[in-house]
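Hi,

Here is the structure I promised to pass on. Have a look at it first, then read my notes below.

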Amino acid sequence: MSDGKNLFNNGVAGSNGHQNLGTSALSLAAWDLASSSVYKQPMLVKNAEGFYGIGPLMAVNPKFLLVPRALQKTALEICSGSFVRESNYVYDNVLKGSAVPVVVPEWTDPNDWAAICDPRVAPAIFVGERFGLAP
């Protein structure tokens, strides 16, 4: 990546990372927190110290939930299930349709999952200022 960070990481957005890697159990709350973190990421204004994290919010929700095979059922329940079932309580799944689960065959750790945005909504090529931030 041009910012020198891994594509998937759980560091602080703008300074250390993209906040799109889950390293704990996948759940409705964890997915909602990851989606919120990705949405709140600042755009990269300039790839230099002092400029990280100062851009406007990207304001793009993740479109895909990448999971190992062990988390496929959980991902399907979060992204397409009609109801959430907790002990002695059932309610509507408000996150239904929030993402498309994608199983990554090479991933084997059941605690690792990731969120990525739709490249058609947030392409990796941006138009910048030719002579810097201010002419």
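Let's start with confidence: it is lowest in strand E1 (residues 21–22), with a mean pLDDT of 64, and highest in E5, at 93. pLDDT is the predictor's confidence in each residue, from 0 to 100. Over the chain the average is 76, and 73% of the residues score at least 70.

That matters for the ground rules. This is a predicted model, so local features need pLDDT of at least 70 and side-chain atom pairs count only at pLDDT 80 or more, while totals for chains, interfaces and linings use all residues. Residues are numbered from 1 along each chain as its sequence is written, and side-chain values use heavy atoms, with hydrogens and water left out.

Now the layout. The chain has two helices and six strands, and along the sequence they follow the pattern β-α-β-α-β-β-β-β. Helices (H or I, at least four residues) and strands (E, at least two) are DSSP runs, numbered from the N terminus. Of the 135 residues, 29% count as buried, where buried means under 20% relative accessible area, exposed over 50%, and partly exposed in between (1.4 Å probe, protein chains only).

Next, helix H1 (residues 28–39). At 1.5 Å a residue its twelve residues should span 16 Å, and its end C-alpha atoms are 16 Å apart, which agrees. The expected span is 1.5 Å times one less than the number of residues.

Which residues of H1 are buried? They are Ala30, Trp31, Ala34, Ser35, Ser37 and Val38. These cover an arc of only 160° around the axis, which puts them on the same side of H1; the arc is that of the directions from the helix axis to the C-beta atoms. An α-helix has 3.6 residues a turn, so residues three or four places apart point the same way. The face of H1 turned away from the buried side carries the exposed residues Ala29 and Leu33. Strand E2 (64–67), helix H2 (72–80) and strand E6 (113–116) are included in what covers the buried residues of H1.

Take Ser35 in H1 as an example. Ser35 is buried, with a relative accessible area of 11%. Not counting residues up to four places away in sequence, Ser35 touches Asn61 and Pro62 (contact means heavy atoms within 4.5 Å). Ser35 and Cys117 are 82 residues apart in sequence, but 9.6 Å apart in space, C-alpha to C-alpha.

H2 has buried residues too: Ala75, Ile78 and Cys79. They cover an arc of only 85° around the axis, which puts them on the same side of H2. Their cover includes H1, E2 and strand E5 (100–103).

Finally, the core. The largest nonpolar core has 17 residues, and those with the most contacts inside it are Leu26, Trp31, Leu65, Val67 and Trp113. A nonpolar core is a set of buried Ala, Val, Leu, Ile, Met, Phe, Trp, Tyr and Cys residues joined through side-chain atoms within 4.5 Å. H1, E2, H2 and E6 are the elements that give two or more residues to this core, and H1 supplies the largest share, four residues.

Cheers
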